[in-house]
Amino acid sequence: MDGFKVTYTVECARAVEELSPARRALLERGLAVLARDPYHKATAPIGTHEDNRKAQVAPGVLIEYVVAHAVMVVVVLTVFDEDLYLLADDEFGSGGDA
């Protein structure tokens, strides 16, 4: 077997269509790696069921997915826009007061 088949819910498929070509390419590359091992050490279970999982598959792209038989169904796609952070890069610092 070459890996798990990856599919999306209708809502996730729409969200993927709205991604920029560069961001979509990153997502697809990350999913290709994940499809070979959906229980990869960089993933984590959601709740108590091992087949409900989440993973950051690319910079700023978080998915939640379900593994069933030989299929991975992406049920949530969250894309973080780096231009929308509350704090500017120079404000991240150590978090302590001087």
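Strands β3 and β4 make a hairpin with two residues between them, and G60 in its turn has a positive phi of about 75°. Helices (H or I, at least four residues) and strands (E, at least two) are DSSP runs, numbered from the N terminus. This is a predicted model, where local features need pLDDT of at least 70 and side-chain atom pairs count only at pLDDT 80 or more, while totals for chains, interfaces and linings use all residues. Residues are numbered from 1 along each chain as its sequence is written, and side-chain values use heavy atoms, with hydrogens and water left out.

**Strand pairing**
- β3 and β4 pair in the antiparallel sense over six bridges; two strands pair if DSSP finds at least two bridges between them.
- R53 has Y65 in β4 as its bridge partner.
- β2 (residues 44-46) also pairs with β3 in the antiparallel sense, over three bridges, and I46 stands opposite H49.
- In the hairpin of β2 and β3, G47 takes a positive phi near 75°.

**Overall fold**
- The protein chain has two helices and five strands, in the order β-α-α-β-β-β-β.
- Of its 98 residues, 23% count as buried, that is, under 20% relative accessible area with a 1.4 Å probe, protein chains only.

**Nonpolar core**
- The largest nonpolar core has 17 residues, and L27, L31 and Y65 are among those with the most contacts inside it.
- Such a core is a set of buried Ala, Val, Leu, Ile, Met, Phe, Trp, Tyr and Cys residues joined through side-chain atoms within 4.5 Å.
- β4 gives the most to this core, with four residues.
- Leaving out residues up to four places away in sequence, L77 touches (heavy atoms within 4.5 Å) residues including C12, V16, L27 and I63.

Methods: Buried < 20%, exposed > 50% of the residue type's maximum accessible area, 1.4 Å probe, protein only.
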